[in-house]
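Work through the exercises below with the model open. Each task is followed by a stepwise solution.

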Amino acid sequence: MIIWYSGCGNSRFVADSLAEKLGEKKMLFIPDAARQGTAPEFGQDEILGIVFPVYSWSVPRLVSKFLRTFKFKGKPSYIYVACTCGDQTGYTLKHLKKDLSKNGLELDAFFSFRMPETYINLPGFELDTPENATLKIEQTRIQIDETVRLIKSRTRGNFDKLEGSSAFLKSEILKPLFYGLLITDRKFNVSDDCNGCGLCSRSCPLLNITMENGRPRWNGNCTNCMSCYHRCPTNAVNFGKATLGKGQYFFGKPLSPAHNIEETKKTENRTERKRTEQERTKPI
Ligand SMILES: Cc1cc2nc3c(=O)[nH]c(=O)nc-3n(C[C@H](O)[C@H](O)[C@H](O)COP(=O)(O)O)c2cc1C
Ligand code: SF4
Ligand code: SF4
């Protein structure tokens with residue numbers, strides 16, 4: 001089974017790629033499982049994969065909470081984590097081990113993948129250039145093959161090469177400040193370019209956006225994944241003024257699985273068709 005979370009699609013790409021190459025059929029989207037109180041069931045000798053993006057050099061709070069508290073039936077025989085980050089993982093592994101141990105679980109292998117940046121809510125935080133973004137994705141594709149080999153042979157170890165410098169400062173000191181001061185949806189606003197399509201609402205993994213009078217309304221349960229910003233087809237969403245003119249990036253399927261599956265399929269087909277036409281002019 002792979003349990004996963006993704007805002008802008010990078011981690012979804014890694015989760016889907018691993019699932020395909022490992023022949024994994026059981027996928028559980030963490031925000032859905034958390035909402036529904038799903039208890040994952042593990043057969044004998046089953047592997048558990050956990051995939052998520054790094055937030056503030058650590059495990060995103062919603063993932064952390066899920067890993068600490070979810071009830072499961074049976075016990076996985078091998079547990080691996082694959083995280084994606086824009087640049088550095090900091091103490092993600094350290095925090096992850098703590099989360100899992102609270103639930104009586106022990107990690108066997110830890111992998112990290114550098115993927116295009118999605119966080120641009122502060123001055124100085126920018127998207128990757130299209131060339132850099134493409135390069136990161138290509139490197140991840142290659143790395144996934146090696147990761148699959150290691151998972152299949154149930155190799156144990158820390159394969160993270162992206163911890164980076166000053167991890168203590170970033171993961172232990174800056175992270176609480178980041179969550180305390182910066183994670184909010186109060187700064188989201190929408191310009192007159194909004195066409196009322198509702199994609200921002202349907203792409204939110206936390207079902208935090210409702211449409212009112214043809215406009216999005218943010219309802220206070222936000223993790224700043226930035227999906228609503230990046231996926232808006234008219235670039236009408238902004239976070240204060242910090243995101244103005246910074247461009248957009250997202251990977252793959254536009255809608256979050258948190259939304260009705262049939263509706264998701266229909267809209268994804270429509271949007272995928274539109275995207276294919278645009279693909280020639282877009283870097284990714
Ligand atoms: C709220 C937030 C915090 C982030 N913090 C970090 C970080 O500490 N280190 C890093 O390298 N990338 C960071 N990023 C970038 C993401 O980890 C990276 O772009 C990831 O691949 C996004 O995955 P997703 O598309 O599955 O949401 C952050 C992104 C967001 C939205
Ligand atoms: S995705 Fe953009 S255009 Fe569509 S409703 Fe949301 S803000 Fe408006
Ligand atoms: S409101 Fe926007 S930034 Fe917040 S969780 Fe939903 S999609 Fe992500």
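**Exercise 1.** How many helices and strands does the secondary structure of the protein come to?

*Solution.* The protein has 9 helices and 10 strands. Both are DSSP runs numbered from the N terminus: helices are H or I with at least four residues, strands are E with at least two. The model is predicted: local features need pLDDT of at least 70, side-chain atom pairs count only at pLDDT 80 or more, and totals for chains, interfaces and linings use all residues. Residues are numbered from 1 along each chain as its sequence is written, while chains are lettered from A and ligands numbered from 1 in the order in which they are written.

**Exercise 2.** Describe the packing of helices H3 and H4.

*Solution.* Start with the geometry. H3 spans residues 61–69 and H4 residues 92–102. Their axes (lines fitted to C-alpha atoms over the stretch in contact) lie 6 Å apart, at an angle of about 35 degrees (scale 0 to 180 degrees, between N-to-C directions). Next, list the contact (C-beta atoms, placed from the backbone, within 7 Å). H3 supplies Ser64, Leu67 and Arg68; H4 supplies His95, Asp99, Leu100 and Lys102.

**Exercise 3.** Which residues come nearest to ligand 1, and why does ligand 1 lie between two domains?

*Solution.* The shell holds 25 residues, each with its C-beta atom, placed from the backbone, within 6 Å of the ligand. Ser6, Cys8, Asn10, Ser11 and Pro53 come nearest. Helix H1 (10–22) gives the most, with 3 residues. Now the domains, whose bounds come from an automatic or database assignment. Domain 1 (2–171) and domain 2 (188–271) both give residues to the shell, so ligand 1 lies between them.

Terms used:
Two residues are in contact if their C-beta atoms, placed from the backbone, lie within 7 Å.
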